[in-house]
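Okay, thanks for having me.

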Amino acid sequence: MVLPLQRLEAYSLRYPQEILQVWAQRASSEDCLLVFKGFSSSLTQGTVPDPDLPLLTAEEPILSLDRLQAPYQPQAPQYLEQGIPWAVMAQRLEVLGL
């Protein structure tokens, strides 16, 4: 079973000029993740150093995400699109075969 975050990582490999800022509900709280060139890291919680271990489980839903222009500049992010619900992005990924 391919996890939603793995699908976003595949998307980021296909579109390396974009960064995905992902808002997800983790077991303890809401988390913000960045996905870039096939890798994910948490901005609010620790990131496991093993890239083969998923940051989100199937039970931890993605709430929404933003598409940003790479390179990521925290002081002046360049948004391409904001507040995309997971259901909308999942449909886009399906069309792309991801």
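When I say two things pack or are in contact, I mean heavy atoms within 4.5 Å. Housekeeping: this is a predicted model, where local features need pLDDT of at least 70, side-chain atom pairs count only at pLDDT 80 or more, and totals for chains, interfaces and linings use all residues. Residues are numbered from 1 along each chain as its sequence is written, and side-chain values use heavy atoms, with hydrogens and water left out.

So, helix α2, residues 86–96. Helices here are DSSP runs of H or I with at least four residues, strands are E runs of at least two, and both are numbered from the N terminus. Which residues of α2 are buried? Trp86, Met89, Ala90 and Leu93, buried being under 20% relative accessible area and exposed over 50%, with a 1.4 Å probe and protein chains only. They sit on the same side of α2, because they cover an arc of only 105° around the axis, taken from the directions from the helix axis to the C-beta atoms. That buried set packs against α1, β4 (62–69) and β5 (79–85). Just after α2, Gly97 has a positive phi of about 80°.

Now the lining of the largest pocket. α1 (4–14) and β3 (39–42) each supply at least two residues of it, and α1 gives the largest share, 3 residues.
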